Amino acid sequence: MATLNQALVLALESNPKEAYVVAAETLLRLLDNIIREPQNAKYRTVRIDNPSIREKLLSVEGMKQLMLAIGFVESSGTLTVPSNVLLANVRRYREFLYERKELVKNPPKEKDITPIGSVTCTESNSSAASAAVTTTSTTNIPQEAATEKSKMVLQPSGSNATAGQQRTEALCVIKSSRPFLARIEFPKVIPGNNTLLRQLELLSDQVMQYEDELLLASGTSLIPIDKLTAKAKSKLTQWQRLLATSEATDQNKEPSEKDLLLEELTAWFRAEFFTWVNALPCTVCGNEKTQLVRSTVEDGVRVEVYQCCGQLRHFYRYNDVEKLLQTRRGRCGEWANCFTFLCRCLGYDARYVFSTGDHVWTEVWSERRQRWIHVDPCENVLDAPLMYEHGWRKEITYVFGFARDDVQDVTWRYTNDHQRLLQRRRQGGACSEHALLDAIAKLRTKRRAGLNCTPEQMSLLRKRTIDECLELLANAGRVPTAAEREGRSSGSLEWRLQRGEQQTNTRYMFIPTEEEVQAKQFNIRYCCATDCYERFLKGASNRVNERITEKSNGWESRQYVSRNIFRKEELDWKMVYLARTEGTDEATIEWNFDFSVQGLRVKQIELRFGQETYEGAKVELYYIKSDGSQSQALSSLCECGKFTLQARLSGGKSWQHAQLFRQSKTATDEYPFEMNIVLM
């Protein structure tokens with residue numbers, strides 16, 4: 001199913017209110033007609049030269065682009081919704097547009113806003129309830145628009161939540177006790193004008209904004225803690241079963257529930273809460289590669305200005321977490337800033353980690369492991385610190401962690417070649433090692449002086465610092481893991497291809513459900529035409545009585561990891577398939593299966609794996625067992641409890657000469673990828 005482009009709906013609200021309301025209501029009538037009578041062709045087409053359509057609908061800036069996103073196709077002076085456009089997608093746009101229109105048409109009165117004494121949430125189950133909430137800015141929230149009054153958020157621009165989720169999502173007050181600059185204002189302790197050292201003090205002060213009690217309450221209210229905790233507990237149960245059935249006796253391998261909750265928080269943050277921004281899309285033509293024409297500073301906020309179709313759009317690069325809880329979008333700086341804050345909301349000791357290699361991320365203290373854990377929310381990757389050096393091929397020179405009670409040079413965690421690191425530092429000349437250590441000591445003292453710690457707490461902090469220094473030194477020569485050799489997945493495709501970093505890390509693992517365990521069977525299939533996986537149970541008469549137990553949209557949603565893979569739609573031939581991304585010579589995609597958690601193994605396995613090759617291209621299929629051995633014989637998986645299915649695409653004269661799961665766009669009931677397993 002196509003992704004709901006909320007930004008296009010929200011962009012309409014920049015039009016004059018009266019024109020916006022008329023246009024929105026006109027479009028809603030068109031969509032209602034299509035939904036009510038989907039087979040009636042006359043409701044699917046509007047003429048562009050119709051005076052009513054031209055004046056009421058298309059005169060509103062951004063409306064035509066929104067209609068194209070919904071599924072309308074422009075041809076011969078008409079806008080038509082083809083019969084193959086999913087009604088579910090039309091409904092989602094209709095519901096979200098209706099909610100936003102009601103909020104603009106009936107803005108809340110001052111008395112409707114909950115006074116700030118604590119953070120409160122109210123369920124929104126109807127448009128009337130939605131009307132009691134103030135709207136946020138359509139695409140950006142300018143610095144001058146922020147006031148010290150309470151703010152209410154329906155669903156910030158850039159969120160990936162569906163319209164259905166919005167109707168049931170709690171509407172929460174976002175409030176801090178003091179303005180941003182007041183939250184980060186502290187006496188300076190670093191003398192001189194060294195650029196690096198001054199930046200360290202600035203970042204050390206900046207993370208103190210996370211400690212605002214009202215802001216922490218606001219952030220906590222936005223996290224679906226019950227859902228994430230339930231998932232963490234389920235994972236812990238699976239771990240316990242796996243350890244109980246394995247020969248391993250080291251119980252230290254068992255993670256804590258809090259560590260697993262961190263995993264769930266990271267996955268939720270990336271998939272549902274925050275959105276990556278490469279450039280601001282054009283509201284006229286929909287171009288997502290608009291030109292950056294200049295960068296300016298407004299009220300201390302860096303602003304990127306993009307141009308397309310004669311229009312300028314402003315992207316505010318906020319450092320204020322209060323703003324980021326509303327916009328929920330940005331690049332790695334905004335991602336790490338907001339994610340580190342949400343970790344603090346859940347009570348984790350968390351650091352904002354800054355690298356001079358133009359990337360930032362987070363570290364979280366694990367009580368279970370008694371060490372800091374690397375977390376990159378942009379990548380949904382945990383505990384893979386060497387990935388920047390080995391997967392991204394970056395030269396690591398300076399990396400620092402900033403917390404409310406500490407500042408630490410953690411560079412040694414992110415490279416395993418410490419000799420070359422020291423050589424780069426000496427050649428770079430940013431500052432002497434003596435000056436750096438002195439600055440870190442002063443900043444650490446500054447942070448801890450404001451904690452009002454007991455002598456015992458201060459002693460524990462000192463011990464943790466010493467232990468970490470020993471751990472960092474021991475990292476020299478460590479062999480990178482497979483995860484640390486993977487490339488980048490955040491950022492635009494073009495940007496990653498330039499760096500050889502095109503990677504998609506879903507890390508989904510198929511584990512049998514209770515029903516599948518009882519039935520001793522596992523079945524999964526994928527239709528490229530609908531871009532949907534189906535998990536199902538066979539009945540007594542095989543497919544006649546089968547029962548679908550789960551559907552998942554998107555080829556990447558149930559993969560484990562892939563590199564240089566995308567789904568291609570051929571508009572002329574009306575075919576779809578998975579292929580290498582353009583400009584690449586090879587690609588891989590993997591699916592991971594683990595039946596050993598329940599002590600099960602493969603008794604019988606059948607696999608349908610559609611592939612097409614041209615001009616000497618190759619598709620190679622490998623079955624990889626948990627011990628690392630691999631085979632191209634499907635029979636090698638018999639009696640195996642855990643394995644990976646890997647496809648490798650290479651060769652040919654073009655990227656599209658090796659294809660997976662090629663089929664007609666209309667073949668919605670055919671499955672070129674299907675695996676059926678009998679378990680024992």
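R351 is buried, because its relative accessible area is 0%, and buried here means under 20% relative accessible area, with exposed meaning over 50% and partly exposed in between (1.4 Å probe, protein chains only). The model is predicted, so local features need pLDDT of at least 70 and side-chain atom pairs count only at pLDDT 80 or more, whereas totals for chains, interfaces and linings use all residues. Residues are numbered from 1 along each chain as its sequence is written, and side-chain values use heavy atoms, with hydrogens and water left out.

The side chain of R351 meets that of D406 in a salt bridge with an N to O distance of 3.3 Å; a salt bridge is defined as a side-chain nitrogen of Lys or Arg within 4 Å of a carboxyl oxygen of Asp or Glu. This pair links distant parts of the chain, since R351 lies in strand β12 (residues 350–355) and D406 in strand β17, 55 residues apart. Helices (H or I, at least four residues) and strands (E, at least two) are DSSP runs, numbered from the N terminus. D406 also counts as buried, at 4% relative accessible area.

By the salt-bridge rule, the count comes to 54. Three of these pairs are set out below.

| Pair | N to O distance | Relative accessible area |
|---|---|---|
| R351 and D406 | 3.3 Å | R351 0%, D406 4% |
| R302 and E304 | 3.5 Å | R302 40%, E304 5% |
| K463 and D467 | 2.8 Å | K463 49%, D467 37% |

Elsewhere, salt bridges that share partners join R351, E363, D406, R413, R444, R448, E468 and E471 into one network.

Helix α16 (residues 418–428) has H418, L421, R424 and R425 as its buried residues. These four lie on the same side of α16, because they cover an arc of only 115 degrees around the axis, the arc being that of the directions from the helix axis to the C-beta atoms. Q419, R426 and Q427 are exposed on the other side of α16. The cover over the buried residues of α16 includes α15 (387–390), β17 (406–409), α17 (433–449) and α18, where contact means heavy atoms within 4.5 Å. Just after α16, G429 takes a positive phi of about 70 degrees.

Helix α18 (residues 455–473) also holds I466, which counts as exposed because its relative accessibility is 51%. Together with L470 and L473, I466 forms a nonpolar patch on the surface, with about 330 Å² of accessible area in total. Patches are made of residues with over 30% relative accessible area and no salt bridge, with like charges joined within 9 Å and nonpolar side chains (Val, Leu, Ile, Met, Phe, Trp, Tyr) within 5 Å; accessible areas come from the Shrake-Rupley method with a 1.4 Å probe, and for residues only the protein chains shown count as cover.

V297, in strand β8 (residues 291–298), is exposed, at 62% relative accessibility. Its C-alpha atom is separated by 9.6 Å from that of R317, 20 residues apart along the chain.
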